[in-house]
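My entries follow in the order in which I made them.

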Amino acid sequence: MTSPLETRIYAPEVSSSPSSCPPEEAPPKTLIVIPAFNEERNIGRVIRGVLEYVPSIPLLVVNDGSSDRTAKIAKESGAEVISLPCNLGYGVALQTGFIYALQRGYTVIVQMDGDGQHDPSHIPDLLRELRQGDNEVVIGSRFLHKDKYTTTLLRQLGMNIFSQLASIFCGQRVTDPTSGFQALKGRAIHLVASGFYPPDYPDADFLILLHRCGIGMREIPVKMHPNPENKSMHNGHRSVYYVVKMFLSIFVTLLRQKPQL
Amino acid sequence: MPPRIRIISILICIILVTYVFELVRRKHLNEEYSIGWLVTGSLMLLLSLSDDLLIWISGLVGATLFTSTLFFFGLLFLVVICLHFSIRISALTNHVRALSQHIGILYHEKQVLEKQLDQITGEPGASRLNSF
């Protein structure tokens, strides 16, 4: 019996045998993926910001079943838009972008949030670090940046616990496991597109999964704006669910066999 | 076991099994999901009918009241059925997730292709299929 985890991905294998086509020769094909759910007020600004800093990179907005004009505004602002038929959550929307990218032969992906928290001026930094280093994942960390990022005490406590946990299980210092501002390439893209990816809130558990797969990860400092509407994914009663879910997810990630990519 | 509870129990089991059969016959319930209910109903019926079996099993699980043996197994079967449902729901959730993702991608690709076709033919909307 095949594991249910392995039955999810139908993305065709990208023909990138290392012998016939060394990665140095082919220029990296980069895609920016922005999952968005009811972001009509921010998405236009985010897209314009991205186009200002990296006008040559195609931009994909994955509209996660929004009930407002997110898809329309994103299209008008110059992004490609994939609309999911219903709201399936941040991780699923993100994964859709990765599956699409694999099908289209993209080799580098930058993911960022649609709420304007992430500063697009850091995209070139992420890409440079990804190109130069051996790491297949580069994460923008708000806590490495010299500007203080302020948030509520409770959230700070939660972030602290999970960054400690991620640091222990990854064997390296992790300061910002909840950052959705990342650049990925190679096996990391395949991992996100696979059934092993935690679909609800991919944070610390994803970093631990990366480590278990032997994929290198590095954080670089980025500036993050405080969420303008304070409409975080982890607010209210959901935050309790988030914490429980994350502990469980980390626990079972450690119990599972290492994914074969 | 008091005869009244025995009669009620037997009646409930018979009604449950016949109703499940009827649901399957009308295709309101898939065979796959009916099996759990049929097994539960038949075993509970067996326990209600046979005094010897009930006494033997009550001794086995250490129940002092025979009716509690019935309740115990009824509850046990329900737990198993609920767990089975949770597993099925998880599988269905994963399928819906994958389907939605691929529908989203396919729809996007269809729109891109339509746009390209419109540019080639120079006729807006020519490529769109007539709505049925």
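**Entry 1: the interface.** I began with the area buried between chain B and chain A, which is about 1,400 Å²; buried area is the accessible area (1.4 Å probe) that two parts lose on being put together, summed over both. Carbon and sulfur atoms give 59% of this area. I noted that Arg97(B), Gln101(B) and His108(B) supply 40% of the area that chain B buries against chain A, more than any other three residues.

**Entry 2: ground rules.** The model is predicted, so I kept its limits in view: local features need pLDDT of at least 70, side-chain atom pairs count only at pLDDT 80 or more, and totals for chains, interfaces and linings use all residues. Residues are numbered from 1 along each chain as its sequence is written, chains are lettered from A and ligands numbered from 1 in the order in which they are written, and side-chain values use heavy atoms, with hydrogens and water left out.

**Entry 3: contacts across the interface.** How many residues of chain B are in contact with chain A? I found eleven, and they touch 20 residues of chain A, where contact means heavy atoms within 4.5 Å.

I then looked for salt bridges (a side-chain nitrogen of Lys or Arg within 4 Å of a carboxyl oxygen of Asp or Glu). The count between chain B and chain A is one. Glu109(B) forms a salt bridge with Arg104(A), with the closest N and O atoms 2.9 Å apart. By class, the side of chain B that touches chain A has two nonpolar, seven polar and two charged residues. For these classes, Ala, Val, Leu, Ile, Met, Phe, Trp, Tyr, Cys and Pro count as nonpolar, Asp, Glu, Lys and Arg as charged, and the others, Gly among them, as polar.

**Entry 4: Gln101(B).** I placed Gln101(B) in helix α4 (residues 66–121) of chain B; helices (H or I, at least four residues) and strands (E, at least two) are DSSP runs, numbered from the N terminus. Is Gln101(B) buried or exposed? Its relative accessible area is 1%, so Gln101(B) is buried; buried means under 20%, exposed over 50%, and partly exposed in between (1.4 Å probe, protein chains only).

**Entry 5: salt bridges in chain A.** A search of the whole structure gave me 13 salt bridges over all chains.

Glu76(A) pairs with Lys72(A) in one of them, the closest N and O atoms being 3.2 Å apart. Both residues lie in helix α2 (residues 70–77) of chain A, four residues apart, about one turn of the helix. Glu76(A) counts as exposed at 58% relative accessibility.

The side chains of Glu136(A) and Arg187(A) also meet in a salt bridge (3.4 Å, N to O). Glu136(A) is in the loop between α4 and β5 (137–141) and Arg187(A) in helix α6 (residues 187–193), so the pair ties together parts of chain A that are 51 residues apart in sequence. I read Glu136(A) as buried at 15% relative accessibility, whereas Arg187(A) is partly exposed at 36%.

**Entry 6: confidence.** Last, I checked pLDDT, the predictor's confidence in each residue, from 0 to 100. Chain A has a mean of 83, and 86% of its residues reach 70 or more. Over residues 1–9 of chain A pLDDT stays under 50, as it does over residues 11–23 of chain A. Where pLDDT is low, the predicted coordinates should not be read in detail.
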